[in-house]
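Thanks for coming, everyone. Please take a look at the structure on the screen before I start.

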Amino acid sequence: LVESGDGIIDTFTAINTGTTPLTATITVTPTYSNLGIDCLGEAETFTITVHPGAQVNEIDNVFYCNGDLTELIEFTTTNEEGNTEYNWTNSNESIGLEATGTGNIEPFEIINTSTTAQTATITVTPTYINNGVTCQGNPEDFVIYVNPSAQVNDVSVNDTVLCNGQFTPVYSFETLNTDGLTSYEWTNDNTEIGLFDSSGQGGIPSFQAINTTDSTIFATITVTPSYDNNGIICTGESSSFTISVNPSPEMNVVEDIFLCSNEITSIIDFSTSNTDGETTYEWTNDNTSIGLPESGNGDIPSFTALNSGLT
């Protein structure tokens with residue numbers, strides 16, 4: 001409003017770019033004119049108070065992982081007097097926050113059960129109240145970014161059973177997450193199986209399984225996935241699988257046997273030093289004229305030894 005004027009005060013746009021109310025005192029002096037004479041009357045005064053616009057300070061974007069508990073999101077203003085209230089809206093309720101609210105956003109548990117990062121735009125509208133006057137300000141937006149949990153597929157961590165000396169498959173770990181970068185760290189609790197590293201990153205290349213003992217040995221491989229997106233790394237639940245390595249089948253030495261023709265043999269028992277599992281035996285005979293079939297399974301039963309020759 002200009003410093004002075006005549007007549008009525010036309011409509012104007014009230015301005016207050018500060019942080020406290022501005023008050024202007026308007027002094028009105030009346031003049032009475034008649035018969036060529038002007039008569040001044042007593043001045044009257046009134047005030048125009050212009051409150052600052054409602055304002056909310058800029059809010060930084062925040063980044064979380066699925067399952068995190070957020071910190072208090074507090075709204076503030078530069079206005080020094082009156083009372084500023086805040087109303088906010090949330091564009092994505094799936095993150096665990098209701099669609100609308102007033103005041104600060106209290107801590108809540110972040111949710112993202114999808115396979116991609118989620119975003120929620122929070123729009124905060126400030127309202128300034130003073131001396132019975134309510135002023136609404138410009139909205140301020142910020143974004144809550146929520147990464148999904150890191151995840152590794154069970155199908156890529158199947159149990160494996162191998163024999164001593166066999167080569168394992170390549171263990172390539174996979175995830176259902178479709179964005180971001182998923183990496184994998186693994187641990188091995190038994191380096192005696194031929195996987196000589198107790199830990200590593202990424203997949204596990206093929207290696208030759210080793211078991212020099214008399215029984216099956218086991219190694220538990222624990223895979224822990226990490227999901228990296230929006231500058232935040234989220235660690236997921238570990239998944240484990242077992243690599244079992246059977247020993248080579250061992251057979252105890254059978255002493256050579258000497259018989260006379262028409263002599264009935266004893267049962268020839270086969271045995272092993274292996275202490276678990278089941279060991280079976282297949283045998284072949286290169287001379288059936290001694291009274292024993294050409295081949296068979298298991299122990300060799302008693303039979304009548306034959307020799308119709310002279311040697």
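Start at Y145, which is partly exposed, because its relative accessible area is 22%. Buried means under 20% relative accessible area, exposed means over 50%, and partly exposed is in between, with a 1.4 Å probe and protein chains only.

A word on the source. This is a predicted model, where local features need pLDDT of at least 70, side-chain atom pairs count only at pLDDT 80 or more, and totals for chains, interfaces and linings use all residues. Residues are numbered from 1 along each chain as its sequence is written, and side-chain values use heavy atoms, leaving out hydrogens and water.

Back to rings. A pair of aromatic rings is described by the distance of the centres and the angle of the planes. Here, rings of Phe, Tyr and Trp (its six-membered ring) pair if their centres lie within 6.5 Å; planes under 30 degrees apart are stacked, over 60 edge-to-face, the rest tilted. How many aromatic pairs does that rule give? The count is seven.

Why is the pair of F63 and Y145 stacked? The ring centres are 4.8 Å apart and the planes are at 10 degrees, so the pair counts as stacked. F63 sits in strand β5 (residues 62–65) and Y145 in strand β10 (residues 140–147), so the pair ties together parts 82 residues apart in sequence. F63 is also partly exposed, because its relative accessibility is 35%. Elsewhere, ring pairs link Y171, F173, Y184 and F241 into a cluster.

Now the whole chain. It has zero helices and 18 strands. These are DSSP runs numbered from the N terminus: helices are H or I, at least four residues, and strands are E, at least two. The radius of gyration is 44 Å, well over the 19 Å from the globule rule for 311 residues, so the chain is more spread out than a compact globule. That radius is taken over C-alpha atoms, and the rule is 2.2 Å times the number of residues to the power 0.38. Along the principal axes, the C-alpha atoms fill a box of roughly 175 × 25 × 25 Å. Buried residues make up 31% of the 311.

One last stop: T265. Buried or exposed? T265 is buried, because its relative accessible area is 8%. T265 lies in the loop between β16 (239–246) and β17 (282–284). Not counting residues up to four places away in sequence, T265 touches L259, P301, S302, F303 and A305. Contact means heavy atoms within 4.5 Å.
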